[in-house]
Amino acid sequence: MPYKEIRRMIVEVDEDQLTEPMIQNLVKHLPEQEQLNALAKFKDEYPSLSEPEQFGIVMSSVKRLRPRLNHILFRLQFEEQVTNLRPDILSVSTACDEVRKSPAFGRLLELVLLLGNYMNAGSRNAQSYGFDLSSLCKLKDTKSADQKTTLLHFLAQVCEEEFPDVIKFVDDLEHVDRASRVSAENIEKSLRQMERQLLQLERDLETLSSFGDPSDMFFTKMTISFSTVAREQYAKLVIMHSNMESLYQNLLEFFAVDPKKTSVEELFTDLSNFRAMFSQALKENLKQREFEEKQKRAQAAKEKAEREKQERQQKKRRLLEVNAENDETGVMDSLLEALQSGAAFRDRRKRAPRPRGEAHVFYLLSNTTL
């Protein structure tokens, strides 16, 4: 790009051509004004100079070049700064309201205090009137005797079974996660920097208005389309920030939190972590119940199969006993019937003749009176 074209873009504040990276590079590598003034003395030797020197000579003709570049860069970055600051301020303000006004969260704190006093009965911490909000995350560190569950899981179970409305605090504190990523210190720094840049712009506009160059559009564009609008948006941000600080201070006072020891991000980080841990405890409790139910079903199925097996074995034994009894009864019945009918003796007579000695014995036995 020709150097004179770059100069024109700066003097006319050509928003279609000027970009943030371009202005940042110019500001970063721009020589000091004394060096630019020294280069301007060699404008008659322009063709024989190196490219950086030629560029310096062209730029030296722009009045108050560095302030112009800084203000143009401020303008290019302003909307992004506002876009970043406004959601952060709103998220902290909203989170303060949520924590302060959530009935479910207040009820949860009552349950935690009740559990703590019950567990500390007889100790020096018995019958405490309150606890620090940062202690909520420590509920996970208190484990049962078998190390399989924690006080947090027990609290989640109690809420599910006895106080289901308390679980709503997870939805009530919707903005604490976003607020935990906000640095109140960075917000204040950004607002102070914005105020300094606006004041400097307003002072420089008074100076640049007297240059009288018809091609110089800096004063017109920066005054009409930016300075006034930027001042209004900044004023709104200041009001929002003041409201945020008021809500935060009220929140700290309400929960008896020391503002010197706890920052905005620390407080909401603790609340965000506890909210996440409580939700996780609910899920783990559900998985544990499903696991126990599965075990119960498996045990019940095993016991049922064992009972059915025993029943089949008993039934089989009974059938075998019945068959054995039937076999013995049938043999005796057939024998008695054969004796009574004489069939047994007829069968013997039909057999082949025995030797005489045996026939004589049979005759004696058959004619012997019993």
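**Cavity**

- A search of the whole structure finds one cavity of 30 Å³ or more, a cavity being a set of points on a 1 Å grid over the protein atoms alone where a 1.4 Å probe fits but cannot get out.
- The volume of the largest cavity is about 30 Å³, counted as the space filled by probe spheres set on the points.
- Val13, Glu15, Leu18, Ile72, Arg75 and Leu76 line the largest cavity; lining residues have an atom within 4 Å of a point.
- Four nonpolar, no polar and two charged residues make up this lining.

**Basis**

- This is a predicted model, in which local features need pLDDT of at least 70, side-chain atom pairs count only at pLDDT 80 or more, and totals for chains, interfaces and linings use all residues.
- Residues are numbered from 1 along each chain as its sequence is written, and side-chain values use heavy atoms, with hydrogens and water left out.

**Helix 6 and helix 7**

- Helix 6 (residues 103–119) packs on helix 7 (residues 151–162) at an angle of about 125°, with the axes 11 Å apart.
- Leu108, Leu111, Val112, Leu115 and Met119 of helix 6 are in contact with Leu151, Phe154, Leu155 and Cys159 of helix 7 (heavy atoms within 4.5 Å).
- The residues of this contact are nine nonpolar, no polar and no charged.

**Helix 5 and helix 10**

- Helix 5 (residues 65–101) and helix 10 (residues 184–208) pack at about 145°, their axes 10 Å apart.
- The residues of their contact comprise eleven nonpolar, five polar and three charged.

How values were computed
Axes fitted to C-alpha atoms, helices over the stretch in contact; angles between N-to-C directions. Helix = DSSP H or I, 4+ residues; strand = E, 2+ residues; numbered from the N terminus. Nonpolar A, V, L, I, M, F, W, Y, C, P; charged D, E, K, R; others polar. 1 Å grid on protein atoms, 1.4 Å probe; cavity = no way out; pocket = protein on both sides within 12 Å on 5 of 7 lines; lining within 4 Å.
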